[in-house]
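Hi,

Here is the structure I promised to pass on.

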Amino acid sequence: MRSVRLPLLLAALALVLPAAAARADGFSCGNRLVTDGMHQYAVREICGEPAEVVRTTILRRPVVWRYGRPWYAGTEEVPVPVETWVYDFGPMRLMRKLRFEDGVLTDVQTLGHGHRR
């Protein structure tokens, strides 16, 4: 009986581990995954309204992508809107801090446990 259980256990682990590794790049809201490169409207549709929003602007040279590589267009810097969103999912889950540049998700940070609502 034991010899049957080990292969079943190994097969189950082989199915579960790749799914856990795939989630390392983002986080889930409900049963949907949020990852870098998503637009603000898509994240808001999946996760709802954030608990906190901070708006700033950075100056950056315009970038044009050619042949899969970034090329800087000109020498003048242009303002780029940056928003930082914080999602508080409550005390049983970790909070997430999302950074959007020009409406596109560029960074996800994991914070401590959330707070009671």
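A word on terms before anything else: helices (H or I, at least four residues) and strands (E, at least two) are DSSP runs, numbered from the N terminus. On that basis the protein has two helices and eight strands, and from the N terminus on they run α-β-β-α-β-β-β-β-β-β.

Some housekeeping. This is a predicted model, where local features need pLDDT of at least 70 and side-chain atom pairs count only at pLDDT 80 or more, while totals for chains, interfaces and linings use all residues. Residues are numbered from 1 along each chain as its sequence is written, and side-chain values use heavy atoms, with hydrogens and water left out.

Now the sheet. Four strands form an open sheet in the order E3-E6-E7-E8, with antiparallel pairing (two strands pair if DSSP finds at least two bridges between them). Strand E3 (52-60) and E8 are the edge strands, each pairing on one side only. On average, neighbouring strands here are turned by 20° against each other, direction ignored. H2 packs on this sheet, touching E6 and E7, and its direction makes about 10° with that of E6. (Axes are lines fitted to C-alpha atoms, for helices over the stretch in contact, and angles run from 0 to 180 degrees between N-to-C directions; contact means heavy atoms within 4.5 Å.) E7 and E8 are joined by seven bridges, and leucine 94 has histidine 113 in E8 as its bridge partner.

What about the inside? Of the 117 residues, 26% count as buried (under 20% relative accessible area; exposed is over 50%, partly exposed in between, with a 1.4 Å probe and protein chains only). The largest nonpolar core has 14 residues, and among those touching the most other members are Phe27, Cys29 and Leu98. Such a core is a set of buried Ala, Val, Leu, Ile, Met, Phe, Trp, Tyr and Cys residues joined through side-chain atoms within 4.5 Å. H2 gives the largest share of this core, four residues. Leaving aside neighbours within four places in sequence, cysteine 29 is in contact with Val34, Ile46, Cys47 and Phe89.

Most residues other than glycine have a negative phi. Tyrosine 67, though not a glycine, has a positive phi of about 55°; it sits in the loop between strand E4 (63-66) and strand E5 (69-72) and is exposed, at 77% relative accessible area. Aspartate 102 also has a positive phi, near 55°; this residue is in the loop between E7 and strand E8 (104-113) and is exposed at 54%.

Cheers
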